[in-house]
Amino acid sequence: MPAIFVGHGNPMNAIEHNSYTAEWQQLADSLPRPRAILAISAHWYLPGGRVTAGDRPATIHDFGGFPKELFEVGYPAPGSSELADCVADLLAPAVIEPDTRWGLDHGTWSILVHMYPDADIPVVQLGIDETLTAAQHYDLGRRLRPLREDGVLILGSGNVVHNLDVYAWDRRPIPPYQWAVRFNSWLRQAIMARRFGDVIDYRQGGADAELAVPTPEHYLPLLYTLATHTEDEPVSLPVDGFDGGSISMLGVRIG
């Protein structure tokens with residue numbers, strides 16, 4: 001099973017039909033049907049390791065100020081305690097606690113409503129431990145690689161450029177900022193050249209990196225996806241572009 005990273009962008013993408021959502025649908029059509037999905041979303045970022053373990057994870061509307069229509073979206077995919085246990089075993093000795101209170105946040109369901117609209121594939125979310133370094137997150141992702149051999153789709157969801165301080169919230173089309181373009185271009189080149197050490201050490205990008213990744217939670221899911229690669233398999237970038245001038249919609253496929 002390939003592994004993917006998707007730039008989820010504005011939550012409104014969940015109810016809109018645009019070039020990005022069409023590319024997510026095309027991406028799903030190009031994949032084998034997953035037995036289950038393990039999502040690593042930017043929006044479950046907290047101290048300590050967590051994995052959702054509920055049989056029916058709730059659809060979490062973790063945002064405010066959006067239209068009522070968006071809050072009415074549900075994604076009633078089943079959970080999988082079996083997959084949650086397997087994830088915890090693979091990541092040992094890191095402690096990954098089962099969590100039945102959290103569900104699927106918009107980093108996960110805003111993508112899956114387009115990729116798998118029937119919500120009939122079990123979905124589990126892995127929390128992002130904010131106490132770990134980027135290199136430690138990459139190492140955790142590497143340990144998840146066996147899941148791919150068992151038909152599990154590993155889905156990282158975030159945005160490699162994510163600066164809401166200068167985002168065009170009125171949704172007017174504006175050109176991307178030059179620092180965002182430069183960082184996105186540097187990252188594309190590093191990924192395609194398999195310079196994953198540079199991707200982990202993204203702060204070497206200097207001022208561009210500071211603006212593109214002011215906080216790490218939207219960047220880190222990319223590392224989980226990249227970490228599952230094997231040496232001889234293809235890497236591609238099926239989605240790219242910018243939203244609101246300061247959010248990259250870059251997507252990555254491994255395999």
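Reader: Why are aspartate 139 and arginine 142 said to be separated by about one helical turn?

Author: They are 3 residues apart in helix H5 (residues 134-143), so about one helical turn separates them. The model is predicted.

Reader: What makes the contact between aspartate 139 and arginine 142 a salt bridge?

Author: The N to O distance is 2.4 Å. The cut-off is within 4 Å, for a side-chain nitrogen of Lys or Arg and a carboxyl oxygen of Asp or Glu. Therefore the pair qualifies.

Reader: Why is aspartate 139 called partly exposed?

Author: Its relative accessibility is 24%. Buried means under 20% and exposed over 50%, so aspartate 139 falls in between. Arginine 142, at 41%, is partly exposed too. Arginine 143 has a relative accessible area of 24% and gets that label as well.

Reader: What links Asp139, Arg142 and Arg143?

Author: A network of salt bridges. Aspartate 139 also meets arginine 143, at 2.7 Å, N to O. Those two lie 4 residues apart in helix H5, about one turn of the helix.

Reader: What makes arginine 188 and aspartate 240 a salt bridge?

Author: Their side chains meet at 2.7 Å, N to O. This pair links distant parts of the chain, 52 residues apart. Arginine 188 is in helix H7 (residues 178-192), and aspartate 240 is in the loop between strand E9 (235-239) and strand E10 (242-243).

Reader: Are arginine 188 and aspartate 240 buried, partly exposed or exposed?

Author: Partly exposed: arginine 188 is at 30%, and aspartate 240 is at 30%.

Reader: How many salt bridges does the rule give?

Author: The count comes to 10.

Technical notes: Residues numbered from 1 in each chain as written. Predicted model: local features only at pLDDT ≥ 70, side-chain atom pairs only at ≥ 80, totals over all residues. Heavy atoms only, no water. Buried < 20%, exposed > 50% of the residue type's maximum accessible area, 1.4 Å probe, protein only.
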